[in-house]
Amino acid sequence: MKVRILVSFKDSVLDPQGQAVKNTLHTLGYSSIKDVRQGKVFELELEGISKKEAEKIIPKISDKVLANPVIEKFSWQIIEKG
Amino acid sequence: MKFGVVIFPGSNCDYDTYYALKNIFKQKTTFLWHKEHDLKNVDCVILPGGFSYGDYLRSGSIAAFSPLMQEVKEFALRGGLVFGICNGFQILLELGLLPGAMLRNEKLKFLCQFIHIRVENNKTSFSHQAKKGQILKVPIAHFDGNYFASPETILEIKKNSQIVFRYSDAKGQLNEEANVNGSAESIAGLINKAGNVLGMMPHPERASEVLLGSQDGRIIFESIIAKLS
C-alpha cells in the first residue's frame, strides 16, 4: 500500500521560499502566476496493515512527525492499494 | 552543582558550550549522549547549537524524538533548568516545551554575524543578573531563526512575560533592520510559563570571552549559576 502525504504551510504563515519562486517565474515572463506556496511530499510504503488501520495511523504520523501543526497542515491519500 | 550538555548527531556547538562552562565559568560539566536515558544528576541541561540530524525534516524535529529527550521533558516538568541555544531552541519548540515554531529566515539568507539583543525580562533564572533594557552584543549563526506563533499564542506569551530577549539595534531600538530574521515581536529568546526553560537563537557561549569579540553572554550563565547556588 502506498500513501502520499502533502505537507504545506498554513495560510497564515509567510512563505518566503514560495515568494522567491514566484519572483523567479515573473522574471522568466510568467506574469500570470499570482502566488506560489511551497510544501513537501512524503510517500509511505506500508505492508501488513489494513486500509482501516492505515486510515487511523496516517493522520497520527502526519500530525506528530511529518508536519509541525503549529505552522503546517497536511492532507493524504492512498495512491496504491495492496 | 553540575551542568549537562546534550550531544546529538550533528550538534557542533557542544564543545564550545562545554568549554565555556568548564573553563570560563569553572563549573562541573558533563556531556550527555542523546541515546542514553541518564541525566547524570545534572542541575541544568543545555541543548547546544548545531545541525542535529542535519536539520532533516525540520530543524530540531528528529532530535526531539531522541531517547534522552523523554528524561529532559520530565526534568523540565519537575522544574529543572533547561537552556536551549540555537538548534537547542528549535528542539525545545519541536518538543513542545516552548510555544511556537521556527521558520526560514525572512530574507532567505544564513545569518552569521554579531547582533544586539535587549533584555525584556530580568526576573528569570537566566537573566536576573542583567538590568531590564540592557543591551547584549552576541553572535548569531542560523538559517531558520524566524520565530512564529499564532496571534493567540503571542498574546499568551506577552501576558505571561515570556519574552526574555528581543533583537534590537546597538541603542536598544526595535526596528525592522535589527530584527534580522523577521521574528514575530523581534523575539530572540523565550521562556516557558513556569520560567525554568529558556530558548534563545543567539550564542552566549561564543560571547563569554573578550577574545571572541564580546563577553556580554556571560551574564546569562552567571544568572543560572547564581540561581543554582
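Does S32(A) count as buried or exposed, and how many C-beta neighbours does S32(A) have inside 10 Å? With 7 such neighbours, S32(A) counts as exposed; a residue is called buried if 20 or more other C-beta atoms lie within 10 Å of its own, exposed if 12 or fewer, and partly exposed in between, with C-beta atoms placed from the backbone. The model is predicted, so local features need pLDDT of at least 70 and side-chain atom pairs count only at pLDDT 80 or more, while totals for chains, interfaces and linings use all residues. Residues are numbered from 1 along each chain as its sequence is written, and chains are lettered from A and ligands numbered from 1 in the order in which they are written.

S32(A) is found in the loop that links α1 (16–27) to β2 of chain A. Helices (H or I, at least four residues) and strands (E, at least two) are DSSP runs, numbered from the N terminus. Between S32(A) and M1(A) there are 31 residues of separation in sequence and 38 Å in space, C-alpha to C-alpha.

Chain A contains an open sheet of three strands in the order β2-β1-β3, with antiparallel pairing. Two strands pair if DSSP finds at least two bridges between them. The edge strands of chain A are β2 (39–45) and β3 (72–80), each of which pairs on one side only. From one strand to the next, the twist averages 20°; axes are lines fitted to C-alpha atoms, for helices over the stretch in contact, and angles run from 0 to 180 degrees between N-to-C directions. Eight bridges join β1 (residues 2–9) of chain A to β3(A) in the antiparallel sense, and V3(A) has I78(A) as its bridge partner in β3(A).

The contact between the chains takes seven residues from chain A and ten residues from chain B, where two residues are in contact if their C-beta atoms, placed from the backbone, lie within 7 Å. The side of chain B that touches chain A has four nonpolar, two polar and four charged residues. In this grouping, Ala, Val, Leu, Ile, Met, Phe, Trp, Tyr, Cys and Pro count as nonpolar, Asp, Glu, Lys and Arg as charged, and the others, Gly among them, as polar.

Chain B contains an open sheet of nine strands in the order β2-β1-β3-β4-β11-β10-β9-β6-β7, and its pairing is mixed. At the edges stand β2 (28–33) and β7 (135–142) of chain B, each with a single partner strand, so one side of each is left without a neighbour in the sheet. Neighbouring strands of this sheet are turned by 25° against each other on average, direction ignored.

Within this sheet, β1 (residues 2–7) of chain B and β3(B) pair in the parallel sense over three bridges, with V5(B) opposite I46(B) in β3(B). β3(B) and β4(B) also run parallel and are joined by four bridges. In β4(B), V82(B) stands opposite V45(B), and G84(B) stands opposite L47(B). C44(B) and I46(B) point one way from β3(B), V45(B) and L47(B) point the other way, and all are buried.

L81(B) lies in strand β4 of chain B and counts as buried because 21 C-beta neighbours lie inside 10 Å. Leaving aside neighbours within four places in sequence, L81(B) is in contact with D43(B), C44(B), S125(B), N196(B) and I224(B). L81(B) and V5(B) are 76 residues apart in sequence and 12 Å apart in space, C-alpha to C-alpha.

Helix α3 (residues 87–95) of chain B is mostly covered, with nine of its nine residues buried. The elements that cover these residues include β3 (44–47), α2 (68–77), β4 (81–85), β5 (101–103) and β11 (197–200) of chain B. One of the buried residues of α3(B) is L92(B), which touches L47(B), G84(B), L97(B), L98(B), V197(B) and G199(B), not counting residues up to four places away in sequence. After α3(B) comes G96(B), whose phi is positive, near 85°.

Most residues other than glycine have a negative phi. K26(B), which is not a glycine, has a positive phi of about 55°. K26(B) is placed in the loop between α1 (14–24) and β2 of chain B and counts as exposed, with 9 C-beta neighbours inside 10 Å.
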